[in-house]
Every structure is written in structure tokens, then in C-alpha cells.
Amino acid sequence: MAWLGRTATLLLLVAVLLASASSPTAAAAGQGETVIRLKHSDDGYSYNHTLAHILVEYASAVYTSDLTSLFLWTCPRCKGHTKGFEVIEIIVDVENCLQAFVGVAPDPRSIIIAFRGTQQHSVSNWIEDLFWKQLDVAYPGMPDAMVHHGFYTAYYNTTMRYEILKSIKWARKTYGNLPINVVGHSMGGALASFCALDLSVTFGSKEVELMTFGQPRIGNPAFAVYFGGQVPRTIRVTHQNDIVPHLPPYYYYLGEWTYHHFAREVWLHESIDGNVITRNETLCDDSGEDPTCSRSVYGMSVADHLEYYGVTLHADSRGTCQFVIGAANSVYSYIREVDGSIILSRYPEEPETLESM
């Protein structure tokens with residue numbers, strides 16, 4: 001297929017660029033044994049293996065294009081550790097090919113917000129685009145913090161932000177002041193990050209936790225430092241040789257003019273000793289660019305990007321932004337179209353401004 005040829009060419013380009021982008025200290029670490037480095041942020045927050053296995057299932061479920069089964073939580077991906085989840089709202093931004101849902105989970109008892117990543121058939125084109133994304137937007141209120149406008153506007157300048165904030169307000173009014181977990185994979189991880197930052201400023205940093213899977217870099221070093229202070233309860237999971245966490249490229253010698261990951265990374269990788277394969281979950285340092293974690297390899301794998309913890313993370317339909325709404329429309333309570341987006345929700349539309357939330 002044509003896209004396979006493009007992908008092969010792209011991976012060759014990755015090898016060349018990443019070789020020049022990596023720090024000289026980014027040599028491969030010894031991988032003959034399990035390495036678990038327990039490092040905590042100032043408030044004592046740390047990686048929770050069990051929670052990660054739960055949240056990755058929400059990051060997978062949000063790729064479901066059958067909105068009826070997703071809303072009812074009966075889809076094939078709506079099983080396992082997420083039993084009993086209640087969807088409050090699904091937002092599908094058709095024009096920008098974005099999808100997210102908000103709901104309430106029984107375990108952990110919290111509000112869950114999940115963002116969909118790039119559709120599978122367009123992953124290679126999206127990865128190629130990541131190479132050329134420039135730091136071209138100053139993050140409001142934070143001197144020297146720069147981000148890419150595409151990531152920034154996909155959350156702040158679309159229907160997503162308004163609907164998510166409104167759903168959280170309704171959920172907290174209905175279920176109590178539950179903590180908030182934000183998740184996303186790939187491009188969805190970038191959106192989840194901006195959402196978590198937004199919510200931490202709004203509700204307080206101790207109310208919001210973020211976990212992303214295979215997300216790209218979204219801002220420069222100044223932004224990474226600011227983000228770490230505002231959203232300390234953050235885990236950014238990477239997998240083996242996943243290509244996306246290596247993009248846009250990090251050039252250590254460019255200072256504030258390069259992209260830079262925020263902490264804290266957890267690197268999933270396998271080590272082989274004879275016939276024994278050990279699956280490691282390495283907790284990385286608080287720099288965001290630990291040279292002994294995913295940066296110790298030249299990530300060039302699309303396959304590693306599409307699976308985390310053995311869970312599939314890509315679209316279940318071939319179309320770019322296809323979705324299906326079944327006949328049982330009464331289950332949604334309310335369906336509406338807003339600025340080219342389809343909204344399915346359990347509560348009626350209430351005219352409100354963001355400033356009042």
C-alpha cells in the first residue's frame with residue numbers, strides 16, 4: 001500500500017533526525033534487568049500500575065465510532081476494568097476530527113475525561129507533520145512559554161473546552177465534588193494535557209490527575225516547567241520504541257527554542273535474557289527528558305504507538321471521522337449540534353458563559 005512506502009521513508013528520516021537531535025548522553029541504558037526507580041513529586045504523587053491499567057481502557061474506548069454503544073457503555077472496549085462507568089456527554093467535533101467523552105467512574109470514584117487520538121489510517125501522515133510543527137504561540141500568562149498553535153487551538157478554540165467544563169460542572173453538582181482524571185493517547189494526549197492544565201487552574205492542582213499514552217511534545221522547556229508546577233499529578237506513559245513521544249524533535253542545544261517534554265515519564269519496555277522476556281515499567285526522572293528512558297532508544301515504531309499495556313489504541317473504523325448513531329436515540333436524553341459538533345448528553349443545554357463556571 002502507498003502509505004507503507006511513505007512510512008518506510010519516514011522512518012529512515014526519523015533515524016537521521018533523532019540521531020542529530022539526541023543529547024550525547026542519551027546512550028542506551030543497560031536493559032538486562034528490571035529497573036524501577038521510585039521518584040515522587042513534592043506532593044507525594046507517584047505512578048500507580050493498577051490505575052494505569054484502568055485508565056488506558058478509557059483511552060482506548062474513546063476511539064469507538066458507534067456512539068450509541070459508547071454512550072450506553074456496551075461497546076467491545078467498554079468492558080474489563082471500566083465496568084459501571086456512566087457516560088455524561090460525548091463531544092464529536094466533525095470539522096476538526098476530534099472526539100472526547102466525560103463520565104463518572106466507580107473505581108477510581110472520579111470524573112473521567114478521555115480524548116481520542118489520530119485515526120489509524122492517517123497516523124503516518126500525522127507523524128510526518130509532527131516533524132515540522134513550530135513553537136509559534138506564547139502560552140497566555142506565562143513569560144517565555146511557547147506551544148504549537150495546532151495543539152493549543154484544538155482544545156481552547158473548539159467546542160471541546162466549553163462542553164467539557166459544562167459537563168464537569170453538571171457532574172459535580174449531581175455526584176459531588178469528585179476528583180478528575182484526564183486521559184488521552186497520541187494527539188488525544190496533547191489535548192488531555194491542555195485540558196488538565198486548564199482544569200488545574202480552575203479547580204486546583206490537587207483535584208486533577210493526568211495520564212497520557214504515547215503523546216507528542218507540546219511545548220518548550222519554559223512551558224514544561226510551568227506545566228509541572230500546575231499539574232504535578234501527571235504521568236506520561238511511553239512504550240518501547242514508540243515514535244510519537246520523540247516528536248516534534250528535542251534539540252538539547254537550542255535551549256528555549258526546542259520542544260521539551262514535561263515529567264513524569266513511565267517507560268514501558270521489554271528486556272530479553274536468553275528465552276526470558278521481562279516487561280519493565282521504568283519510572284523516569286523529573287526532567288521530562290530522562291536520557292535513560294525512551295530517549296535511550298531511537299523510537300521508530302508505529303506498532304508500539306498503537307498498543308499500550310496490551311490494549312489497542314487506534315480507531316475501529318476506516319473513515320477519517322466516521323461515527324454511527326443508532327436508532328435508540330432516547331438513551332442520550334439530549335442530542336444537539338453546536339458549531340459543526342455533535343453533542344450527546346444526559347442533561348439539557350443550559351445557557352452559560354465560561355466565566356461563570
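What covers the buried residues of helix 5? Keep that in mind while you set up. This is a predicted model, so to speak: local features need pLDDT of at least 70 and side-chain atom pairs count only at pLDDT 80 or more, while totals for chains, interfaces and linings use all residues. Residues are numbered from 1 along each chain as its sequence is written, and side-chain values use heavy atoms, with hydrogens and water left out.

**Stop 1: helix 5**

Select residues 149–156, which make up helix 5. Helices here are DSSP runs of H or I with at least four residues, strands are runs of E with at least two, and both are numbered from the N terminus. Within helix 5, Phe 151, Tyr 152, Ala 154, Tyr 155 and Tyr 156 are buried. Buried means under 20% relative accessible area, exposed means over 50%, and partly exposed is in between (1.4 Å probe, protein chains only).

Now show what lies over them. The cover includes strand 2 (98–106), strand 3 (109–115) and strand 5 (146–147), along with helix 4 (123–130), helix 6 (159–175) and helix 7. Contact means heavy atoms within 4.5 Å.

**Stop 2**

Next, click on Phe 194. Leaving out residues up to four places away in sequence, Phe 194 touches Phe 151, Tyr 152, Tyr 155 and Tyr 156, plus Tyr 139, Val 147, Ile 218 and Phe 223.

In soluble globular proteins, nonpolar side chains tend to be buried together.

**Stop 3**

Color the charged side chains. The structure holds 11 salt bridges, each a side-chain nitrogen of Lys or Arg within 4 Å of a carboxyl oxygen of Asp or Glu.

Start with Arg 161 and Asp 198, whose closest N and O atoms are 2.7 Å apart. This pair links distant parts of the chain, since Arg 161 sits in helix 6 and Asp 198 in helix 7, 37 residues apart. Asp 198 counts as buried because its relative accessibility is 6%.

An α-helix has 3.6 residues a turn, so residues three or four places apart point the same way. Buried or exposed? Lys 166 is buried at 3% relative accessible area, and Glu 163 is buried at 0%.

For a contrast, go to Glu 270 and Arg 279, where the closest N and O atoms of the salt bridge are 3.6 Å apart. Glu 270 is partly exposed at 33%, and Arg 279 is exposed at 65%. Shared partners also join Glu 89, Glu 163, Lys 166 and Arg 336 into one salt-bridge network.

**Stop 3: the disulfides**

How many disulfides are there? Two, counting pairs of cysteine sulfur atoms within 2.5 Å.

Zoom in on Cys 75 and Cys 78, with sulfur atoms 1.9 Å apart. The torsion about their S-S bond is about 80 degrees, so this disulfide is right-handed. Both cysteines are buried.

Then jump to Cys 284 and Cys 293, with sulfur atoms 2.0 Å apart. This link is left-handed, with -115 degrees about the S-S bond. Cys 284 is buried at 0% relative accessibility, and Cys 293 is buried at 0% as well.

**Stop 4: Asp 316**

Finish in the loop between strand 12 (311–312) and strand 13 (334–338), where you'll find Asp 316. Asp 316 is partly exposed, at 41%. Not counting residues up to four places away in sequence, Asp 316 touches Tyr 63, Thr 64, Ser 65 and Arg 77. Asp 316 and Asp 66 are 250 residues apart in sequence, yet 9.1 Å apart in space, C-alpha to C-alpha.
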